[in-house]
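Reader: I am new to this structure. Could you walk me through it?

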Amino acid sequence: MKKNIEISQNIETLFGTRDENLHVLEDGLNVTIDLKADSIQIEGSPDDVARAEQVFLDYSGLQKAGHQFQNGDLGTMLRMLAADPTATLKGLAEAGRQRSFGKRQVQPKSVNQRRYLEAIERSDMVFGIGPAGTGKTYLAVAMAISALLSKRVSRIILARPAVEAGERLGFLPGTLQEKVDPYLRPLYDALYDMLEPEKVDRFMEKNIIEIAPIAFMRGRTLNDSFVILDEAQNTTSEQMKMFVTRLGFNSKAVITGDVTQIDLPNASRSGLVEAMIVLKGVEGIAFQLFDESDVVRHQLVQRIVRAYDDYKARSEQQLSLQLDAKPSVGNGASGLETSPDYAVFPSAIGDRAAGGTRVSE
């Protein structure tokens, strides 16, 4: 099927540098797009042509409404649209406009990031689990600021376990706050990126924004709050249970972590991995998993994450072959193959990359 659509004013800005946006549409929607003298010709199946036509119509409508795309947002939206058949350019653009993130406009860069934001809006408790650089913490802080500025909550509480990442830092000088600040620096960075420094300092002085180690959460009931637990893979089972039971009225909680980077001692068990098993299927709780395709840092980070995943898969396959080659003893007492819990999130729970952390006994 071929269809010609009228060229609207400034439609060429949709094409991108060296027509890169058109290539994204052609590859993602399985269509061919040709620019004619007085029209744009789209060729493909009827459904694909209809979706491509809707992109051009949405873009023209957004332009007339005064919408401006910044920092490569248009290319990102087109890639998300190509990956998600239910998405539209107008819907993606308006979703970003409806959220107030302080001095910065935050737009999801992947389908999983979009689902993550929608899950936070829809559910009272959300787990964001995936590798470094996928925007888990940054987007959670953005949604917390949006909720605070729109007065849906009255305060933001950011918590993080004070666990050393493999080093031994010894005794740190200064007050208690100065001792824990190094562990909480990523949360400060996200706050200062989205709000003016003076506003962040004022909010923290008035305890409208509170940043603390997870140990400070015990015994509290957090009402009318947006609560974020970062680096949750480094919580113990007891700490995680304590945190998820702090939620009060008119509150939301977002728990973020990367189960491939657990820094707990060998004898401990990751509270995040256990929560993935225990809380799966509980109404009101949503899980959003990320992978290397969601990494929004330097492209090299995507390749690094993929290399580690490939290495882990090869190691697990080699271990499996070694176990199969050994004669079975008794009923197989290790429990790794027989425990049903390991089938819930196989890619995440099978991970022992951080010092042999166990998740099921």
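The conversation below goes through the chain as a whole, then a sheet, some salt bridges and the surface.

Author: This is a predicted model, in which local features need pLDDT of at least 70 and side-chain atom pairs count only at pLDDT 80 or more, while totals for chains, interfaces and linings use all residues. Residues are numbered from 1 along each chain as its sequence is written, and side-chain values use heavy atoms, with hydrogens and water left out.

Reader: How many helices and strands does the chain have?

Author: The chain has 12 helices and 9 strands. Helices (H or I, at least four residues) and strands (E, at least two) are DSSP runs, numbered from the N terminus.

Reader: What percentage of the residues count as buried?

Author: Of the 361 residues, 44% count as buried. Buried means under 20% relative accessible area, exposed means over 50%, and partly exposed lies in between, with a 1.4 Å probe and protein chains only.

Reader: Which residues of α10 are buried?

Author: Helix α10 spans residues 271-278 and is mostly covered, with 7 of its 8 residues buried. The buried ones are G271, L272, V273, E274, A275, M276 and I277.

Reader: And the contacts, what share comes from residues 24 or more positions apart?

Author: Such residues account for 72% of the contacts in the chain with a separation of 6 or more. Contact means heavy atoms within 4.5 Å.

Reader: Let us turn to the sheet with β1. In what order do its strands come?

Author: The order is β1-β3-β2, an open sheet of 3 strands with antiparallel pairing. Its edge strands are β1 (2-6) and β2, each of which pairs on one side only. From one strand to the next, the twist averages 20 degrees. Two strands pair if DSSP finds at least two bridges between them.

Reader: How many bridges join the strands there?

Author: Strands β1 and β3 are joined by 5 bridges, and K3 has I42 in β3 as its bridge partner. Between β2 (residues 32-35) and β3 (residues 39-43) there are 4 bridges. Here T32 stands opposite E43, and the two strands form a hairpin with 3 residues between them.

Reader: Which way do side chains point in a strand?

Author: In a regular strand they alternate between the two faces of the sheet.

Reader: Which helix packs on β1, β2 and β3?

Author: Joined by 5 bridges to β1, β3 is also touched by helix α2 (residues 46-64), which packs on the sheet and touches β1 and β2 as well. The direction of α2 makes about 150 degrees with that of β3. Axes are lines fitted to C-alpha atoms, for helices over the stretch in contact, and angles run from 0 to 180 degrees between N-to-C directions.

Reader: Now charges. How many salt bridges are there?

Author: The count comes to 7 salt bridges, where a salt bridge is a side-chain nitrogen of Lys or Arg within 4 Å of a carboxyl oxygen of Asp or Glu. Side chains of opposite charge can pair when their charged atoms come close.

Reader: What does E231 pair with?

Author: E231 forms a salt bridge with R160, their closest N and O atoms being 3.1 Å apart. E231 lies in the loop between β7 (225-229) and α9 (237-244) and R160 in strand β5 (residues 155-160), so the pair ties together parts that are 71 residues apart in sequence. E231 is partly exposed at 26% relative accessible area, whereas R160 is buried at 12%.

Reader: And E210, what is its partner?

Author: E210 forms a salt bridge with R220, with the closest N and O atoms 2.7 Å apart. E210 lies in strand β6 and R220 in the loop between β6 and β7, so the pair ties together parts that are 10 residues apart in sequence. The relative accessible area of E210 is 17%, and E210 is buried.

Reader: Lastly, is K206 buried or exposed?

Author: K206 is exposed, with a relative accessible area of 57%. Its place is in the loop between α8 (197-205) and β6 (209-213).
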